[in-house]
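Biologist: I would like to go through this model with you, one question at a time. Could you show it to me before we start?

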Amino acid sequence: MAPEKASALSIKAPFFIGRRGAVLIVFVLAAIVSYFSLGLELKTLWPSEGGRSIAAGFFSRAFSPAMHAEGEFVPANDPPLLQIAAEAAWLTFLFAAAAMGLALLIGIVFGFLASSAWWRGDPQGAESAAVKWLRRTLAPAVYVASRTFIAVIRSIHELLWAILFLTAFGLCDAAAILALALPYGGYLAKIFSELIDEASPTAAAGLRAVGAGSLQVFTFGLLTQALPDMIAYAFYRFECALRSSAVLGFFGFPTLGLFIRQSFNSSNYGEVWTYLYVLLLLIIVFDWWSGAVRKRLV
Amino acid sequence: MAVDRQETISALYAKRPRDRFVRASLWLFFLLIVGSWIAGRFSLTEILSARRLGNLERFLNDITPFDLRNTDWGITDLFGWAAERMSESGWEAAGATIAIAVVAIFIASAASLPLSFAAARRLMNAEPFLPNGAAPSRARRFMWRAFVLLARILLILLRAMPEYLLAFLALALFGASAWPAVIALAIHNAGILGRLKGEVIENTNARSLSALRGVGASRRQISLFGVMPLVLPRFLLYDFYRWESCVREATVLGMLGFASLGAVVVDARTREKYDEFVFFILLGCAIVVVGDLISALARSIVRRAS
């Protein structure tokens, strides 16, 4: 067996299913099982008559979005449609930006605490007994606690946070900002900690060799390496925050989602398209921006 | 000597790599965040006002499991209560959530394959891996550029809209089944996977592709037999990575009114059963954690095999 394996020209049997093939087969099987367990049928993909008439009404307005409020009854003191759309887009952006600020704070603090590099001591052991004792007892506890904390806040979807805060506090701006900031902070913290831990240890070792302290090693040896990727990721998250912020409107916050839902439910499809195009514009601008920054950094 | 070194340091500092665009972007990013807190007059202490705190107190009273209120309950009672909620609707909702994510990522993965190839400029130009011979005409070059541009615009449009919004629109068209959720997730993720996979194709730097071209392979042959085997492991990794986010997103899509976790969360809220409401939100957290674990396992297998 061994000599054959050593040969560089050993040829696999045809249709040999490797580990990757096994994963692929499990993936396909899971899709088939899921398809039937959900009771999905291809024929229900063809919309019913009601669905078709909605679709016809909706898509016929794709290239003629409304410029003025539609519907039979428009309150006289309502601002013009485009102004409503602009204000909704502005609030969508405001909630996203405010939440990103808070999320960055959470991400930086817990990203550091949840990275193992932060807790790594001086390998030469040039530290007092008290510090050593703290590192042995306190550090693992804080490390595990912060990792658990960021896993939990990240795993609860922002809309679940939103509905939780809505129920706990009622409708207010802070509820929307917290709902976005907690999961996004968790995501940032997770990625930040991973980036710091993946940084190559050579620079850190060099700094340590010339006598830098633990904090200096962390800041100039590891953080500087991870920083470009951290910034790139923060920009990417900003773009995601805009999308989430728009969707928060479905729960009553005054962002674009609220107006999309209202107009759609009252069959003013022209208005829906106006809001959709505004949202699309907002997202494409940030998509381009974050993409341009990422391209230069990564 | 000391002055010399100082000068060298300043010269090095002046020459350090920096990018004006990135610096300006960082400042703008910072200003936007600070500006948003000022312009929106946001304040987090708002939730500490008397009315909101009263609201919170009532809510916190209500999240103790109803059956256990005013009893001397222990941890086993809590587990018993949780098991009851799970068999009532929890398991079913959790299963549906995972299943929606699996079907959606399967469709998205399949749909993103042709899209990713179409968006890869390295492959989709007039003469991929041009060996030598006649340079392509200007018109043909232009046609191929337009083709790639169209594919990229399509990818942006697919991924631009948030899943929840797509599901809301799809619900009106397809009616209440799991399709709206599946379709919404599939559209958004096909856009994202298409771009990620397209970048993988752009970055394959294998001489074998030029060699294939050199011996006369067509674009289709290079794609199928040269590119595909090289990029497939990476593609699978991305599929699983996006599946995680599909699971997370699927937990809430049910809020629109079809079977997934979100449906039972909203249901518990409208029945004012806040104990169940919080329990199902925590269940959502657990589903996402389990999804992450499965995905991490699958990705480590794929990675080790390559």
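Modeller: Let us begin with Glu84(B), which lies in helix α4 of chain B. Please keep in mind that this is a predicted model, where local features need pLDDT of at least 70, side-chain atom pairs count only at pLDDT 80 or more, and totals for chains, interfaces and linings use all residues. Residues are numbered from 1 along each chain as its sequence is written, while chains are lettered from A and ligands numbered from 1 in the order in which they are written.

Biologist: Is Glu84(B) buried or exposed?

Modeller: We count other C-beta atoms, placed from the backbone, within 10 Å of a residue's own: 20 or more is buried, 12 or fewer is exposed, and anything in between is partly exposed. Glu84(B) has 12 such atoms, so Glu84(B) is exposed.

Biologist: How far apart are the C-alpha atoms of Glu84(B) and Arg51(B)?

Modeller: Along the chain, these two residues are 33 residues apart.

Biologist: What is the radius of gyration of chain B?

Modeller: The radius is taken over C-alpha atoms, and the globule rule is 2.2 Å times the number of residues to the power 0.38. For a compact globule of 306 residues this would be near 19 Å. The C-alpha atoms of chain B fill a box of roughly 85 × 65 × 40 Å along the principal axes, and the radius of gyration of chain B is 27 Å.

Biologist: Where is the kink in α9(B)?

Modeller: A helix's expected span is 1.5 Å times one less than its number of residues. With 35 residues, α9(B) would reach 51 Å if straight, but its end C-alpha atoms are only 40 Å apart. The bend at a residue is the angle between axes fitted to the seven residues ending there and the seven starting there. A kink of about 55° lies shortly before the proline Pro229(B), at Met228(B).

Biologist: Which helix supplies the largest share of the side of chain B that touches chain A?

Modeller: Two residues are in contact if their C-beta atoms, placed from the backbone, lie within 7 Å. The contact takes 60 residues from chain A and 61 residues from chain B. Several helices of chain B each supply at least two residues, including α4 (75-118) and α9 (219-253). The largest share, 12 residues, comes from α11(B).

Key:
Helix = DSSP H or I, 4+ residues; strand = E, 2+ residues; numbered from the N terminus.
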